[in-house]
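Please examine the sequence and the three-dimensional structure shown here. The explanation that follows starts at a boundary between two parts of the chain and then turns to individual elements.

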Amino acid sequence: MKRLLLASLIGTTLALSTQAMADDAALKTLEEAARKEGAVNSVGMPDSWANWKDTWVDLEKKYGLKHMDTDMSSAQEIAKFAAEKDNATADIGDVGAAFGPIATQQGVTQPYKPSTWEQVPEWAKDKDGHWALAYTGSIAFIINKQLVKEPPKSWADLEKGKYKVAIGDVSAAAQAVNGVLAAAIAKGGDEKNIQPGLDLFAKIAEQGRLSLSNPTIQTLEKGEVEVGIVWDFNGLSYRDQIDPSRFEVLIPSDGSVISGYTTIINKYAKHPNAAKLAREYIFSDAGQINLAKGNARPIRAEHLTLPAEVQAKLLPNEQYAKVKPIKDAKAWEETSKALPGLWQENVIINME
């Protein structure tokens with residue numbers, strides 16, 4: 001029995017080591033092919049967003065890949081992939097979570113699973129590797145501590161506070177729309193039922209506490225926002241750029257929504273191997289740390305040991321205990337379309 005067990009263990013070890021060697025060989029082949037291509041061109045991945053700059057610098061230093069980016073929206077990126085086809089000028093793009101499946105359905109992507117694939121949560125990736133979130137955003141509060149004496153820690157606190165609350169334009173901004181969903185989730189709602197979130201903001205509006213200011217770096221700096229509803233990476237970036245001592249950023253303890261951004265590799269890419277190698281690097285420890293330096297929470301956060309100075313820029317992992325991903329994307333797409341009208345009927349009417 002012991003011999004059989006030992007033989008089994010040896011067999012398993014050999015299989016695992018063979019797999020590791022196979023993975024190493026495949027990565028070596030990919031690297032060589034990418035070096036021959038010599039460049040990777042991106043869309044929607046500018047130097048200033050999520051610290052993409054350091055990743056492009058690393059890819060040139062390590063693999064000789066020249067880089068150029070054209071900044072554009074998620075919808076524009078997909079349209080560009082589709083329109084250019086065999087005259088493709090872009091190899092890889094970065095789009096909002098909802099746009100990954102759309103790009104795949106439109107047939108403009110090609111799959112690639114990085115070697116850290118198993119550490120990406122199931123909700124955050126396409127089973128075939130067409131898209132996978134590299135970093136996340138969760139709805140958070142940004143609080144001006146100079147103006148708010150009792151900072152809210154939860155949506156329940158927010159509901160009974162004495163300060164003004166700014167969420168932005170629900171008819172145009174994804175951040176504001178997801179803010180309503182986050183409140184609904186905390187109050188027992190979901191993608192199909194956002195009424196609990198509407199009720200919370202209606203109550204705040206009735207109290208005369210709903211601010212029509214958009215929580216941006218400019219309005220925060222001027223002191224026009226007391227409590228803002230923002231993506232965590234925006235809040236952390238605003239805090240650090242203005243004055244970390246003036247602002248507190250936190251995830252509401254009774255629930256929030258988590259989403260993020262995914263790379264998509266152009267089906268028609270002129271540098272497909274360089275694009276795949278870029279995704280490989282983005283999901284590596286070094287690539288994930290680069291994103292964290294830009295205040296973006298890496299998708300592999302729980303599997304990383306971040307440098308102390310980088311971890312200090314992010315919120316502690318335990319604050320994310322009650323965040324929930326969007327589970328029914330189709331339902332949420334429909335609800336999002338209806339939300340501006342519902343917001344007007346349920347919330348804005350209470351300000352008049």
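Between domain 1 and domain 2 there are two residue pairs in polar contact, both at pLDDT 80 or more; such a contact is a pair of N or O atoms within 3.5 Å, where within protein one must be able to donate a hydrogen and the other to accept it, and residues adjacent in sequence count only if both atoms are side-chain atoms. The count of salt bridges between the two domains is zero, a salt bridge being a side-chain nitrogen of Lys or Arg within 4 Å of a carboxyl oxygen of Asp or Glu. The model is predicted, with local features requiring pLDDT of at least 70 and side-chain atom pairs pLDDT 80 or more, whereas totals for chains, interfaces and linings use all residues. Residues are numbered from 1 along each chain as its sequence is written, and side-chain values use heavy atoms, leaving out hydrogens and water.

Domain 1 comprises 28–134 + 257–310, and domain 2 comprises 138–255 + 318–348; these bounds come from an automatic or database domain assignment. Taken over C-alpha atoms, the domain centres are 29 Å apart. Nine residues of domain 1 are in contact with 16 residues of domain 2, contact meaning heavy atoms within 4.5 Å. The two domains bury about 1100 Å² between them, 66% of it on carbon and sulfur atoms; this buried area is the accessible area (1.4 Å probe) that two parts lose on being put together, summed over both. On the side of domain 1, Val 257, Ile 258 and Asn 295 lose the most area to domain 2, together 63% of what that side buries. Strand β9 (residues 256–265) supplies the largest share of the side of domain 1 that touches domain 2, namely four residues.

Which element is mostly covered? Helix α9 (residues 232–242) is, with nine of its 11 residues buried, that is, under 20% relative accessible area with a 1.4 Å probe and protein chains only, whereas exposed means over 50% and partly exposed lies in between. Helices (H or I, at least four residues) and strands (E, at least two) are DSSP runs, numbered from the N terminus. Among the buried residues of α9 are Phe 233, Leu 236, Tyr 238 and Ile 242. Their cover includes α6 (174–186), β7 (227–231), β8 (247–250) and β9.

Thr 70 lies in strand β2 (residues 66–70). Because its relative accessibility is 36%, Thr 70 counts as partly exposed. Not counting residues up to four places away in sequence, Thr 70 touches Ser 42, Val 43 and Gly 44.
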